[in-house]
Amino acid sequence: MDNKIQLPRFDINKYEANLKKNPDYEGYQKDQDTYVKQYHSVKEGYIEENYEKSIVENYVEQYISNNRFETFQTYNKDGLLQSVTHYFADDVEIGQWYYYKDEKLVKTEDKDKNYPFSLDKVLEYGKKNNVDFTKSGKLSRFYSKTYGSYIYELQWNTGKKSADIEKSLFRKVVLDGSNGKELKSEEYYINPLAR
């Protein structure tokens, strides 16, 4: 874990040039499937109206794919990589997370270790049930005291309507994170306009 490896660096000069050209600069389109959002955070206790390099705590590149997967690369104030983290659907922590100091890998975390029934299998489950979680629906995973295990909680609009056509039929399913067994499945109606 202590070997120096060639890591990406945040191009501070290019970022500053983009901000100078356009103070509302937020990032760029990497390819047809990925947008890279770039931003920085300031040291605690500071408020920034315009970019000031002297009070930057870190820089972030957020790779946002069109299939709800995201990767965050966080860099220190000098542009050196500090961490690489991965998410699905905004807040589901997934994959291997890496932490660096002085361009050396110092720690890894496996966010999938408690879920032998993988996210890929959950996505397949969704497709078999007429929902593509890479496009819509809610998906979360966590340790449940109720079930005494790690679970996936899924919710989606089935596309069906109530008899009066005012309400949409939603489905909520709980899957066991170790084997994908359905622990709970229920359907309910919601009027999406009554919020």
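The model is a predicted one, with local features needing pLDDT of at least 70 and side-chain atom pairs counting only at pLDDT 80 or more, while totals for chains, interfaces and linings use all residues. Residues are numbered from 1 along each chain as its sequence is written, and side-chain values use heavy atoms, leaving out hydrogens and water.

Phe133 also turns up in the largest nonpolar core, which has 18 residues; Phe88, Phe133, Leu139, Tyr152, Leu154 and Leu175 have the most contacts inside it. A nonpolar core here is a set of buried Ala, Val, Leu, Ile, Met, Phe, Trp, Tyr and Cys residues joined through side-chain atoms within 4.5 Å; buried means under 20% relative accessible area, exposed over 50%, and partly exposed in between (1.4 Å probe, protein chains only). A second, separate core of 13 residues includes Leu7, Tyr15, Tyr59 and Tyr100.

As for the elements themselves, helices (H or I, at least four residues) and strands (E, at least two) are DSSP runs, numbered from the N terminus. Helix H2 (residues 119-128) lies across E8, strand E9 (149-161), E10 and E11, running at about 25° to E9. Such angles run from 0 to 180 degrees between N-to-C directions, with axes fitted to C-alpha atoms, for helices over the stretch in contact. In H2, the buried residues are Leu119, Val122, Leu123, Tyr125 and Gly126. They span an arc of only 155° around the axis, so they end up on the same side of H2; the arc is taken from the directions from the helix axis to the C-beta atoms. The face turned away from that buried side carries exposed Asp120, Lys127 and Lys128. After H2 comes Asn130, with a positive phi near 65°.

The strands under H2 belong to an open sheet of four, ordered E8-E9-E10-E11 with antiparallel pairing (a pair needs at least two DSSP bridges). Strands E8 (138-144) and E11 (182-190) are at the edges with a single partner strand each, so one side of each has no neighbour in the sheet. Twist averages 20° from one strand to the next. Eight bridges join E10 (residues 168-176) to E11, and Leu169 has Tyr189 as its bridge partner in E11.

Definitions and conventions
Contact = heavy atoms within 4.5 Å.
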